[in-house]
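Here are my notes on the model, point by point. Please read them with the coordinates open.

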Amino acid sequence: MESELMESKLKTIFAESLDIDQSIVTDNLRYAEIPQWDSVAHMALMAYIEVGFDIMIDTEDVIDMSSFEKAKQIVTKYLD
Amino acid sequence: MLLSGKNAVVTGCLRGIGRKTLEKFAKQGANVWACAQHADEEFEKFCADLAQDTGTWVKPVYFDLTDFDAIKAGLKAIFADKQAVDVLVNVAGFTKDSIFHMTSMEQLKLIFEVNYFSQILISQYVTKLMVRQKCGSVINIASISGLDGSHGQLAYSSSKAALIGATRTMSRELAKQGVRVNAIAPGVIDTNMNSLVPEKVIAGHIKAMSIKRMGSSNEVANTILFLASDLSNYMTGQIIRVDGGIK
């Protein structure tokens, strides 16, 4: 998958899963820095990402996915 | 049928409680991923016959609980089937008994790896799927030794106590997402694991029971079936003793 396409899809998934505006979803968006991205929402987000990209995310990466930027790197790793 | 249309992952299916659970689940209409430590011709035939007799599918999945990469590969194969997973039963377990002062750190680590860390790893992956579905039932097979302690079973009893603690914590965290987590604490059950225990010790246990006999795998599997089914929809975080009333 092209990286721009992946980023766009991931951005949509973040916005829908966390119920936030897409404009907020930037590389600087970090876990727990907005009330919508708490621990419960994080697990729902993982589920959305797994379904959206048809991947199974390892627990280490669930823990490591601390920002949108990091999420892009992790998802890319699974798609390679 | 209590599990009609449900899909279940059951570990430890080669024999004992796991095998009986697999059989009971299929007879109650569940499709089962039957996880076992290693490939076995007799087991393959058992699964194929069971599927044919019950009109379900029963898929053998092999991984060793000391090999985390193998566990992940097994789970990935399960998820690749693109089916819902409604029930997870963590049956597989292992013991190597020794008293407190004679238990090496290697032995302790090995037993925790099989009886605790691997169960947590499997549960983490499978419940992620259940959270997505917003429903599911996890059943951990603990032991009364995890509740009461047991002479000569430091590693086993403490690993089962850890599993009981995890069961309670998981039940609290996952309830909001529709996932129930319970455990069963079997007492002295007539399985291979207890065949190594001296008769004198077994006799002592039986003397302490209200129902004065060993339990069967079938009797434990009956309780597993109850927890897997919708009959137990309002139960989570429970540790159910199936022990003939040991005092």
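1. Start with Gly146(B). Beyond four places in sequence, Gly146(B) touches Ser157(B), Lys160(B), Ala161(B) and Ile164(B). The model is predicted, and this contact list should be read with that in mind. Gly146(B) sits in helix H5 of chain B, which covers residues 144–148. Its relative accessible area is 15%. Buried means under 20%, so Gly146(B) counts as buried. Lys160(B) lies 14 residues away from Gly146(B) in sequence, yet the two C-alpha atoms are 4.6 Å apart.

2. Ile164(B) is the other end of one of those contacts. This residue belongs to helix H6 of chain B. Ile164(B) is buried, at 3% relative accessible area. Which residues does Ile164(B) contact, leaving aside neighbours within four places in sequence? They are Ala142(B), Ser143(B), Gly146(B), Leu147(B) and Ile239(B). A further distance to check is the one to Asn182(B): 18 residues along the chain, 8.7 Å between C-alpha atoms.

3. Next, the largest nonpolar core. It has 34 residues. Leu75(B), Ile78(B), Phe79(B), Ile122(B) and Val126(B) touch the most other members. Five elements of chain B supply at least two residues each: strand E2 (31–36), helix H3 (68–80), helix H4 (105–133), helix H6 (154–174) and strand E6 (179–186). Which element gives the most to this core? H4(B) does, with 12 residues. In soluble globular proteins, nonpolar side chains tend to be buried together.

4. Phe79(B) deserves a separate look. Not counting residues up to four places away in sequence, Phe79(B) touches Met56(A), Tyr125(B), Val126(B) and Leu129(B). Note the chain letter on Met56(A): this contact of Phe79(B) is with a residue of chain A.

5. Ser217(B) lies in helix H9 of chain B, residues 217–228. Is Ser217(B) buried or exposed? Ser217(B) counts as buried, at 11% relative accessibility. Its contacts, apart from residues up to four places away in sequence, are Gly16(B), Ile17(B), Lys20(B), Ile189(B), Asp190(B) and Thr191(B).

6. Asp19(A) has phi near 55°, a positive value in a residue other than glycine. Ala32(A) is not a glycine either, and its phi is positive at about 70°. Where do they sit? Asp19(A) is in the loop between helix H1 (3–18) and helix H2 (39–53) of chain A. Ala32(A) is found in the loop between H1 and H2 of chain A. Asp19(A) counts as exposed, at 66% relative accessibility. Ala32(A) counts as exposed too, at 53%.

7. Chain A overall. There are 4 helices and 0 strands. The order from the N terminus is α-α-α-α. The radius of gyration of chain A is 11 Å, close to the 12 Å that the globule rule gives for 80 residues, so chain A is as compact as a globular protein of that length. Its C-alpha atoms fill a box of roughly 30 × 25 × 20 Å along the principal axes. Of the 80 residues, 42% count as buried. Chain A exposes about 4,400 Å², with 48% from carbon and sulfur atoms. It carries 6 positive and 17 negative charges, whose mean positions are 4 Å apart.

8. Chain B overall. The secondary structure comes to 9 helices and 7 strands. The radius of gyration of chain B is 17 Å, close to the 18 Å from the globule rule for 247 residues, so chain B is as compact as a globular protein of that length. Buried residues make up 52% of the 247. Among contacts between residues at least 6 apart in sequence, 75% join residues at least 24 apart. Chain B exposes about 11,500 Å², and carbon and sulfur atoms supply 55% of that area. The mean positions of its 27 positive and 22 negative charges are 8 Å apart.

Key:
Residues are numbered from 1 along each chain as its sequence is written. Chains are lettered from A and ligands numbered from 1 in the order in which they are written. Side-chain values use heavy atoms; hydrogens and water are left out. A nonpolar core is a set of buried Ala, Val, Leu, Ile, Met, Phe, Trp, Tyr and Cys residues joined through side-chain atoms within 4.5 Å. Buried means under 20% relative accessible area, exposed over 50%, partly exposed in between (1.4 Å probe, protein chains only). Contact means heavy atoms within 4.5 Å. The radius of gyration is taken over C-alpha atoms; the globule rule is 2.2 Å times the number of residues to the power 0.38. Accessible areas come from the Shrake-Rupley method with a 1.4 Å probe; for residues, only the protein chains shown count as cover. Lys and Arg count as positive and Asp and Glu as negative; His and the chain ends are not counted. The place of a charge is taken as NZ of Lys, CZ of Arg, CG of Asp or CD of Glu.
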